[in-house]
Amino acid sequence: MQEIWRLLKILEEKERNWSFLPKKKPINKIKALSRLSVIGHPSLIIHLISYLREDSREIRIVTVQTIKQLFEKISGKKNYYNTLRYCPITEKDIAFYKNEFDRDHFIVLMKIASQNSNGYIREQALRDLGKLREQNILPFILFRLADWVPNIRVVANEALKGLVASEFHQELINNILLIKWLQIVGRVDLSEVYDFVIKFLVVDCREKTLEVFSTIKDKERRIIATELSKVITSEEEIKLLLSDKHFLIRLLTLNHFEILTENQKQTLLEDRSSLVRHNTLYHFKNSNNFESILKNYLADRSGNIRYLSRFYLKDTAIDFREFYIQNLINHHQEVGSMLGLLEIEAKDCVEYLTQYLSSDKIRLVKPCFYVLSILNPNEVLAFVKANIFTTQTGVKKLIINFIANSRDKELIAFVRNAYQDLNEENKLSILGMFSLIGGYTSLPDLMIGTIDEKEVVRNHAKLCINKWIQKASTLFIEPTGAERDRMVQTFNDVNEYHNENFVFKENPMDRVKFYIR
């Protein structure tokens, strides 16, 4: 910041030119402007505008180049007006810019002027931008469609009509999201403008829009797809929507369910998105084979679809418990079947689940552990002890959460006994577990972590203690006698270590002392 102010001071210095000597080139000012273009922030534009009317043409040229570079640094549509509204630009300045600077730099200056707090300046800038008919001016025309001055909105509408042409097709698509955003602002009703642009894109230039459809960005493509899907004119359009990578666009094909082929309906039933599968099933609700279709989704990966299937099949002869068991025996839809047994609370089916704990497929081990830990926690205790220090991150996370939630004394004692011999990664995991457990049970273990030989472990333990202190006000239960004795003993040992070794700038036990009394 100090360098920026120093450079601005250089620009304010008056040049001493003697009439009997040739004028010197303002090298210092040119260097200052060049440096500002690199390190400067867009908010500096307001300070540089006045140098566009400097006597030295070299300074004028470098200034407009610097302003252009700073202008390009503005990010976010909301920041243009806040950054540029107070730029000291007059109508005479605009006329001067038009004659002095080349087309590209003049366009930049008119974009800046279009954000001015003075309505007359905004209006003049819009008129000039409309005449230029350049691709990159469209957003600045659109901004003013929601201007609070009616005359400016009229000028913006006229300028937009001149840009709704085939050569601006891609630019209109790129900015359709901006029109949507301006509608949300709610200052004026832009529905007519939106309908005018949409009609051009999906009716007048429909073929051209379809050609570039797959290359459009996701958010803009969703808007275009929604409008295209209102009237489907060919089989190819259905295929285009059906093959899109965005699930919400594929979902639009259900609006034309009656014209879909059987293969296309089956494609939707097998879609990777659970929402698409779910909504497709609803469209089969009145078909004769609805129940036979639903049976295939009783063990779907999605909980909503499993619930939907069971709801509509509850009055049939299907035994859901037996259905899920047979799936597990035949290794078919294992994940959905495990979760299905959990959802129907089949606690007597544990024997069919335990085999998957020893599977070499992690995608089966994780749901199996999750289901067993709820249906019958005792069945996973041996697995927990054997795998708590596994290299499989997903399984380890489930085990850590299980111990933290169950607060099983035997498992906690097992972890404490193993802690000192663990590697750095496992120590971090265990400290995280004790942080989740919280309360007076975990505080001594977190204190021990602050004297570990590894700096990463010490820092993590200190962070966990800080979190513990933040939550300490919620500890309404007094510690037991055994917990208090362990806390005091651990505190004394750890505090003595910190006072002697200074592994932290400040002894972390100083903040803990209050809670040990």
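Visitor: Which helix gives the most to the lining of the largest cavity?
Guide: This is a predicted model. In it, H16 contributes the most to that lining, with three residues.

Visitor: What residues line the largest cavity, then?
Guide: The lining is formed by Arg206, Leu210, Phe213, Leu228, Ser229, Ile232, Glu237, Leu240 and Leu241. By class, six are nonpolar, one is polar and two are charged.

Visitor: What is the volume of the largest cavity?
Guide: Its volume is about 40 Å³. One cavity of 30 Å³ or more is found in a search of the whole structure.

Visitor: Turning to the largest pocket, how much space lies in it?
Guide: The largest pocket holds about 540 Å³ of space. Its lining comprises 28 residues, and those nearest the centre are Lys77, Pro139, Asn174, Asn175 and Leu178.

Visitor: Which helix has the largest share of that lining?
Guide: H12 does, with five residues. Helix H12 spans 176–185, and the other helices that each supply at least two lining residues are H4 (57–71), H7 (103–113), H9 (138–143), H11 (169–174) and H15 (218–228).

Visitor: How do the residues of the pocket lining divide by class?
Guide: Twelve are nonpolar, seven are polar and nine are charged.

Visitor: A change of topic: what does the domain assignment give?
Guide: The assignment gives domain 1 (285–375) and domain 2 (404–516). Taken over C-alpha atoms, the centres of domain 1 and domain 2 are separated by 41 Å.

Terms used:
Residues are numbered from 1 along each chain as its sequence is written. This is a predicted model: local features need pLDDT of at least 70, side-chain atom pairs count only at pLDDT 80 or more; totals for chains, interfaces and linings use all residues. Side-chain values use heavy atoms; hydrogens and water are left out. Domain bounds come from an automatic or database domain assignment. On a 1 Å grid over the protein atoms alone, a cavity is a set of points where a 1.4 Å probe fits but cannot get out, and a pocket is an open set with protein on both sides within 12 Å along at least five of seven lines; lining residues have an atom within 4 Å of a point. Grid points are joined across faces, edges and corners, and a volume is the space filled by probe spheres set on the points. Helices (H or I, at least four residues) and strands (E, at least two) are DSSP runs, numbered from the N terminus. Ala, Val, Leu, Ile, Met, Phe, Trp, Tyr, Cys and Pro count as nonpolar, Asp, Glu, Lys and Arg as charged, and the others, Gly among them, as polar.
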